[in-house]
Each structure stands twice: as structure tokens, then as C-alpha cells.
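Please report on the packing of helices and sheets in the structure shown here. Short sections will do.

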Amino acid sequence: MRSLAERPVDPVVGVPVPHESAALHVTGTALYTDDLVARARDVLHAWPVQAPHAHARVLALCTGAALDVPGVVRVLTAADVPGVNDSGTKHDEPLFPEEVMFHGQAVCWVLGETQEAARLGAEAVEAGYEPLPSVLTLTEAIQAGSFQGMRPTVSRGDADAGLAASAHRFSGELELGGQEHFYLETHASLAHVDEAGQVFVQSSTQHPTETQEIVAHVLGLRSHEVTVQCLRMGGAFGGKEMQPHGFAAVAALGAVLTGRPVRLRLNRTQDITLTGKRHPFHARWEAGFDDDGRLRALRATLTSDGGWSLDLSEPVLARALCHVDNAYWLPDVQVHGRIARTNKTSQTAFRGFGGPQGMLVIEEVLGRCAPLLGLDPAELRRRNFYAPGQSTPYGQPVRHAERLHAVWHQLLERADVERRRGRIAAFNAAHPDVRRALAVTPVKFGISFNFTAFNQAGALVHVYKDGSVLINHGGTEMGQGLHTKMRQVAATALGVPLASVRLAPTRTDKVPNTSATAASSGSDLNGGAVKNACEQIRDRLAEVAARQLNIHPDDVRFVAGRVTGIGFHDRDIAFEDLVRDAYFQRVSLWAAGYYRTEGLHWDSSRMQGEPFKYFSYGAAVSEVEVDGFTGAYRLLRTDIVHDVGDSLSPLIDVGQIEGGFVQGAGWLTLEELRWDVSDGPQRGRLATQAASTYKLPSFSEMPEEFNVHLFEQATESGVVYGSKAVGEPPLMLALSVREALREAVAAFGPGGRSVELASPATPEAVFWAVREARRAEPAEQEPAGARAAPGPARPGS
């Protein structure tokens, strides 16, 4: 393969183009999995029977009454499974459970001629349960010693000695909430069996290969007997990486048993109550600083709430531990991790995959300790940035650390931070009951799967005799613009106009053994594979062109649909003419491409190695206004400078940065999951089951002024056309909003005091924090030496 990063003359990558399905999206003609039902005949509809207990033993399932309901065709239970009754990859997620592990878990599924018939049939199923004790909160799990999976540790140096030698020591606790994916399209699958017995599943899935494998093992089949296709998704955010497999398996099982197509599409309440969320975390930390405000040591324990099964909790925790450092050098560090087992949905991947939770911990440390050290929080952060030549606690060199400093300084200048600070001080002096503040936070986020084997991809590229191009790759489109970028990569590699390239849906019989479209690696992996396939075809065409132009094949150039030679100004060949000539010379016009990320190694048992291809850098400054009477706040302005390398598609990248930031702000300030933790009959029930009770960010929560700038002259070597990932890193830029709220709360008090802020920092949480700040006494002069940060505040205390 040629240099991955080098771009030819007049590339199609780097050009701002609309999303490849934008017109279909806005006109409502884009098809999603559930839209395909109208094109099938005799479709059956699936409906779950959901258990009303957080933890219970299933004593009986009487399905006879359901079968008497008009339109009910069959009830699927564990007895119907011909293969393995498990929908996970760790064999801890029974598809039809004998023991209910969370409130609302599906114990069986009813198939009906209509969705209403299936619903009525599910209501008629008589299930008997023996309720069992349940564990719901992280506090309960820690007290009960309810844990699962690995207990990894990331360490360097001697944290105890570093803390002992620190001039200033602080400690604290933090509990941060989960997050519902709330994609626009809920989980959906449509399965049918063809005349040869091949099972074909249309699924809204980020990981078609794993969906294929789970469906196959539930049905007792081999993978080549199951094909999974993902046309497109209406959002996913990690929630369709592992979670779709069981739903696809239920639909496929119903299709095999009845001989009819089966559709399974969750309504919003079912989707929220049946599927996992972002992992909540609890963190306990102790940090040491020298007299100049530089971190000397950190010791912490992070406990994630994994829910009832492991799912992806282990790699999520590993990434959290690997991102506790964020952008900061930690000389002596020891961070322990553990996964709680609770009677909730099995928590799963969510944009950032544990990185946001780990980074929130260190930003909490710096945000709380800055006033105690007498330093501006932004200055404290800057002083602790990585410098060139330094490595992470797990041993990976922080390459291009100078970019972090450049991004930071460029942001401060573009956002006019110093002048705005003066205006904020004047505003606060004139408004005793309203306070404004701004905060600046950085991002350093590692890109690649921390499971090394997933860092590979394939592609299939066809060039037809008329010069048109069809590409198929292993990545899935969930609205993030991956297909748009892949079209641009193919057009650049072949030297043809973008309009000549069409993209086919992702399916397992075209590109096998795909990795999930996740870890922000979709463009890196699939782009490398598409480029490889296109270059194979181009090299063959160059041989044909060289004979016609009487030059060496290395001197042939493909630009904008014309084929010519170096320095030629008066002779070229139309791409479609060259393709036709190649066909008649029996030259292959299709290729299978492959790419594997080089230079990765990760020892998960030691938590050491170089798991990431590179780091994405960014920084954001956010300004907020807080009402001291109610805790309500406005996000006045956000400025972002973000490093995406040499952008493959600038419009797509800016959109991803804006969307990621807003989703992160939702997690940190608005979105609150609440379960019934009483001892009553509804214990374990998720109370926030709909948009009416679960608050999502909307236009009113957008920054009133929003400026996004792509960091320039940032080519990343060894990555397709010098680009960098953009899917997940921008979410963590929203930490600036939470830190701005902390500083606005502090402005209600006497200064020099540490402000604790709940996560999410809802208006209620901000109100309680403002009340505590107003009660605080002026800070006394502290002698040099150790002191403890204040303990957690409690509403009403």
C-alpha cells in the first residue's frame, strides 16, 4: 500500500460536501430497517412479555391463554431455541431467562399477525415469579461486595510516596450518572428465511458480524448460513454495538419456526427499559500537588455500574482507566477499577466508551483543587499539560503533545478569553443574584479499539465498464457520515468525480468478519481498506494507460476522471474509456481491500502497552449564566478548537463536533436516569421511561453563540489521507460547561473554597451548590502542607 497519509493533486477528500443521504433524510425517503416491513408479505410482529421485578426466579410461563387471542401465532420460549440460549459474547446473557435480573426483562416473546395482536397476547401470558433480593445502586453494590469481571489497575511510580511528598494533598468522592442513548430509531430487526434455508436479517446494528454470529449460535447454524444487512441507522451512539444481537436472534428464531418474516421493533418505552445505558461511575480519589500547582501523585478507585451482565463493561472500564490522565502528566499514579453487578439493564457502549467518565474524574480533581491552591482553574490545567517526550501511565508516548499546547493557545486567542473575563467580572459585580463564568478544558483521547483484534477492516470495490464505481465496506452508517467519507476516499484514490461513486449497504456476505463501527475508528479502518482496494484497481489500470501513453506506469496520474502522465498537457484518456479498454484486455476491475492498524500492542492483564494509534486533541471554552434563586442556567457561548488532522470531509467533521459537544453537555447537565429504589412493589423500575420524564438537550440548551474551528496544519502520518477520528473526542469538550457552572457557583460565595457539583449538574443540583456556596465562610490563610478537600455536600444539609 502507498503512503496512507499522502494526498494527490486535487483530492476529493477535504472538500466540504453534504452528507450522502442528506436529501433522503430531509425528504423522508431514506429507508430504515422498519421501513422495509412494507415491502414484505405475511409479516409477523414480535412483542415482549416483561417481568415486573428487579430480581426474581421464573416459576412458570403459561402461554395457552395467549394462543387463544385472535391473531396470535406463536409464543417463543427457551424451549424453542435449537442452539444456544444466549444473546451475548460472554455466555452470561440468556435470551430467555430462568432468572429475571432487571425490572422489565423479557422472559418470552409473542408473535402476532399485527402488533396489537402480539401486544394483547403478551398481556395474556401468565407468568409466575419468586421475587429475590435486589441490588440497585452503586452504594448498595459496594457495600454488598457485588462485583463482576476483571479488577484492573493502571499504575506508574509510587503513588503512596508521591502523595507523602506532596506539599498539598486533597481527597474527595464523585458519583456520575449514566445516559440513555435515545437514538431517533429504536431497535429494529426484520428476518426471513429464503428457499435455500438461508436466514437473512435486516438489523439496525453497529456490528453486523457479531449480530450474524449471535443469530447463528442461537439457531444452531454456521455463520455462512446467516446474512445480516444494515441499511442505515437512525442513530446509535454505541447503543447498537452489542444490544441488537438478542433482538435480531428473536426475529430470526421466529422466522425459522414459522416460515414467515418476523419484525421486531421496540417502541420507545420498551427500548429504554430493555436496553443498556452509559455506565454510571463512582470515584474516590486523593491527589497531591507541589507548591507550583503541579500534580505529583494521584490515587483513585473507579467503580462502574455494569448492570446485570458484563456486556462491554470490562473494555469500558479499561478505557476509563486509560483516560483518567486526560491531558495531564501524572508522575506517580495508581488507579484501580472494578465493575459492580446490579439489578439494572446491562450497561453498554456509549460515545466515548468510558473515556468521558475517566476524564471527568481528573477534571473534578483540578476543578475542586484549583481554588484551594489559589490558582485559576485554567492556569492549573495548563501547568499540568503533557510535554513532548512524556508518556501515559500505561506506557504510551504522547506523540504530538505540542499540539495540545498549540490548540489551547489558539483557542484562548480566538475566544478572546482575557477580555471576556473582565466583562464577566463587571457583570457579576453589578448582578448580585446572577453570576457568569467561563471555563476552559482540554481533551486528549486515544483512537483505536483497546481490543487489538478489532483494529482491522475490509472493503469490496467494483469498477463497471462505464467507469462507475460501487463500494462496499464493513462500516455502518448511523448518521455520522462514514459513507460520505468513504465515497470521498474512493473518489480520491481512483481519481474520479464524487458523482461516479455509489455506496452499497453494509452486509456480511459482501465483507466478512467486520469490526463494530465504534471507537471512532470507522474512517481510519474502513478508509484504509477502501483505499487499498481502489489502489489495486488503479495500479492495474495504470499498466493499461502506460502502454497507451508510452510512459512508465508509475508516471500515470488519475485526476478528476481523466488519466494522463506527469507533465502532460496535451494528451489524456477519459477514465471510462480506459476502463473499457482494460475490460477488453481482460484486466480485473474489482478488488477486495484490507487494512490493519499497525503499531498496536496491549496487555490487558498488566494494563500496559500502546493501545492507541494516536491521540486526538481539542479544547473548549464555555461561558454560562446561573440564576442564584432557581439554579437555572444559560449556556451563553462555546468556542472550540479541535484537531481532526487533515479533515476528510469538513462539513461532516464540524457537524460531529457540534453534535458530540451537545450530547456531552446533555450527559453532564440535564440527562438524569432514575430508578425506583424503594422497597415497594415497583423496586427497580426505571422511572424515566420517555421523553416526558427523561430530559434531552434541545435547541434551547444549545450555546447561544457556537464557534467551531478545525485545527490547521495537522496532518497525522500513518492514517488515511492524514485525517483523524472525530466521532467520540468532541463529547468530552462539554466538560467545559460543567466546569463553567462550578465557577459560576463559586462566584456566589466568598472565594477560595472548593465547590462540589453533582453530575449531572441539573438546575436542582446547581441550586443546592449555590446555597452551599452562599453559606460558606471566607477562606482562611492555610499553612503549607497537607489538607483535605471538603467531603460531599448533600441537598438540604
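## The sheet around β18 and β19

Strand β18 (residues 456–463) and strand β19 (residues 469–473) pair in the antiparallel sense over five bridges. Strands count as paired if DSSP finds at least two bridges between them. Ala-459 sits opposite His-473 of β19. The model is predicted: local features need pLDDT of at least 70, side-chain atom pairs count only at pLDDT 80 or more, and totals for chains, interfaces and linings use all residues. Numbering starts from 1 along each chain as its sequence is written, and side-chain values use heavy atoms, with hydrogens and water left out. Helices (H or I, at least four residues) and strands (E, at least two) are DSSP runs, numbered from the N terminus.

The two strands belong to an open sheet of four, ordered β20-β19-β18-β25, with mixed pairing. Its edges are β20 (501–503) and β25 (590–596), each pairing on one side only. Neighbouring strands here are turned by 25 degrees against each other on average, direction ignored. Helix α15 (residues 522–549) packs on this sheet and touches β18, β19 and β25. The direction of α15 makes about 140 degrees with that of β25. Contact means heavy atoms within 4.5 Å. Axes are lines fitted to C-alpha atoms, for helices over the stretch in contact, and angles run from 0 to 180 degrees between N-to-C directions.

## α14 against α15

Two packed helices are described by the angle between their axes and the distance between the axes. Helix α14 (residues 482–494) packs with α15 at an angle of about 30 degrees, the axes 9 Å apart. That makes α14 roughly parallel to α15. The cut-offs are under 35 degrees for roughly parallel, over 145 for roughly antiparallel, 65 to 115 for roughly perpendicular, and oblique for the rest. The crossing of α14 and α15 is right-handed. Right-handed means that the near helix is turned clockwise from the far one by less than a right angle; anticlockwise is left-handed.

On the α14 side, the contact residues include Leu-482, Met-486, Val-489 and Ala-493. They meet α15 residues, among them Val-530, Cys-534 and Ile-537. By class, the contact of α14 with α15 has nine nonpolar, four polar and three charged residues. Ala, Val, Leu, Ile, Met, Phe, Trp, Tyr, Cys and Pro count as nonpolar, Asp, Glu, Lys and Arg as charged, and the others, Gly among them, as polar.

## The sheet around β17 and β28

Another open sheet has four strands in the order β17-β28-β29-β30, also with mixed pairing. The edge strands are β17 (434–447) and β30 (705–710); each pairs on one side only. β17 and strand β28 (residues 614–627) pair in the antiparallel sense over 14 bridges. Arg-435 stands opposite Val-626 in β28.

Helix α17 (residues 650–669) packs on this sheet, touching β28, β29 (633–642) and β30. Its direction makes about 130 degrees with that of β30. Helix α18 lies across β17, β28 and β29, running at about 150 degrees to β17.

## α10 against α18

Which helix packs with α18 (residues 735–746) at an angle of about 25 degrees? Helix α10 (residues 355–373) does, with the axes 11 Å apart. That makes α10 roughly parallel to α18. α10 passes α18 in a right-handed crossing. Contact residues of α10 include Met-359, Leu-360, Glu-363 and Arg-368; those of α18 are Leu-735, Arg-738, Glu-739 and Arg-742. The class count for α10 with α18 is three nonpolar, one polar and six charged residues.

## α6 against α7

The axes of helix α6 (residues 208–219) and helix α7 (residues 244–258) come within 9 Å and cross at roughly 45 degrees. That makes α6 oblique to α7. α6 passes α7 in a right-handed crossing. The contact includes Ile-214, Val-215 and Val-218 of α6, and Ala-248, Ala-252 and Leu-253 of α7. By class, the contact of α6 with α7 has nine nonpolar, two polar and one charged residues.

## Backbone points

Most residues other than glycine have a negative phi, and most peptide bonds are trans. The peptide bond from Ser-759 to Pro-760 is cis, with omega near 10 degrees. Pro-760 is in the loop between α18 and α19 (763–775). Asp-42 has a positive phi, near 60 degrees. Asp-42 lies in the loop between α1 (22–27) and β1 (44–50).
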